[in-house]
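Reader: I am new to this structure. Please walk me through how to read it.

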Amino acid sequence: MKALALAVALGAPAIAIAEADPTPAPPAAATLAIDPGEDAAIAERLRGQRFARLPGAIRIDDAGGDGPPWIGTVARRDRDLWLVGDGFALRLTGPLARARLAGPGYAIWVTGAITGDAIAAHRLGVLRRPRADRR
């Protein structure tokens, strides 16, 4: 609405211009590509969540009643931990955003409130640990 205030101040016709929202939209369903043979271990880690096994992937439809989570790999950028996924990067904040829970290289799912480029992790789950050949 900054454009509207400027237009009124200059005596120009009032035209509302919506500013772009930089916050990514929540995922419709969270999907993780998996290697052959690791679906059983990941499915065990998802016990209690609503998910589906797909060819070469696992889709999480609901995590802890919060809906589909964000899925990505934890990365360190300076002192912060980030969740980096398919087309997004969110800075992890809150008490769950600690390397002792899920450090760089871990594939995780996260639910929480998003503000700007950050997600305040409400729930977090490890899907797989880092492997030397994934680095």
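Author: Ala 113 stands opposite Ala 120 in E8. A word on the source: this is a predicted model, where local features need pLDDT of at least 70, side-chain atom pairs count only at pLDDT 80 or more, and totals for chains, interfaces and linings use all residues. Residues are numbered from 1 along each chain as its sequence is written, and side-chain values use heavy atoms, with hydrogens and water left out.

Reader: How many bridges hold E7 and E8 together, and in which sense do they pair?

Author: First the rule: two strands pair if DSSP finds at least two bridges between them. Strand E7 covers residues 107-115 and strand E8 covers residues 118-128. Nine bridges join them, in the antiparallel sense.

Reader: Which strands close into the barrel?

Author: Five do, in the order E4-E5-E6-E8-E7. The pairing there is mixed. Angles like the next one use axes, which are lines fitted to C-alpha atoms (for helices over the stretch in contact), and run from 0 to 180 degrees between N-to-C directions. With direction ignored, neighbouring strands of this sheet are turned by 50° against each other on average.

Reader: Take Thr 111. Is it buried or exposed?

Author: Buried means under 20% relative accessible area, exposed over 50%, partly exposed in between (1.4 Å probe, protein chains only). Thr 111 is found in strand E7. Its relative accessible area is 3%, so Thr 111 is buried. Across the protein, 30% of the 135 residues count as buried.

Reader: What does the side chain of Thr 111 join in a polar contact?

Author: A polar contact is a pair of N or O atoms within 3.5 Å; within protein, one must be able to donate a hydrogen and the other to accept it, and residues adjacent in sequence count only if both atoms are side-chain atoms. The side chains of Thr 111 and Asp 66 are joined by one of 2.9 Å.

Reader: Which residues is Thr 111 in contact with?

Author: Contact means heavy atoms within 4.5 Å. Leaving aside neighbours within four places in sequence, the contacts of Thr 111 include Ala 63, Gly 67, Pro 69, Ile 119 and His 122. In the protein, 48% of the contacts with a separation of 6 or more are between residues 24 or more positions apart.

Reader: Where is Leu 83, and is it buried or exposed?

Author: Leu 83 lies in strand E5 (residues 80-85). At 0% relative accessibility, Leu 83 counts as buried. Leaving aside neighbours within four places in sequence, its contacts include Trp 70, Phe 88, Leu 90, Ile 108 and Val 110. Leu 83 and Trp 70 are 13 residues apart in sequence, and 8.3 Å apart in space, C-alpha to C-alpha.

Reader: How many aromatic pairs are there?

Author: Rings of Phe, Tyr and Trp (its six-membered ring) pair if their centres lie within 6.5 Å; planes under 30 degrees apart count as stacked, over 60 as edge-to-face and the rest as tilted. The count comes to one aromatic pair. The rings of Trp 70 and Phe 88 have centres 4.8 Å apart and planes at 65°, so this pair is edge-to-face. Trp 70 is in strand E4 (residues 70-77) and Phe 88 in strand E6 (residues 88-93), 18 residues apart. Trp 70 is buried at 7%. Phe 88 is buried too, at 14%.

Reader: Which charged end sits over the ring of Trp 82?

Author: A charge sits over a ring if NZ of Lys or CZ of Arg is within 6 Å of the ring centre and within 35 degrees of the ring normal. Here the charged end of Arg 77 sits over the ring of Trp 82, 4.7 Å from its centre.

Reader: Which strands form the open sheet?

Author: Three strands form it, in the order E1-E3-E2, with antiparallel pairing. Strand E1 (30-33) and strand E2 (50-54) are the edge strands, each pairing on one side only. The twist averages 20° from one strand to the next.

Conventions
Helices (H or I, at least four residues) and strands (E, at least two) are DSSP runs, numbered from the N terminus.
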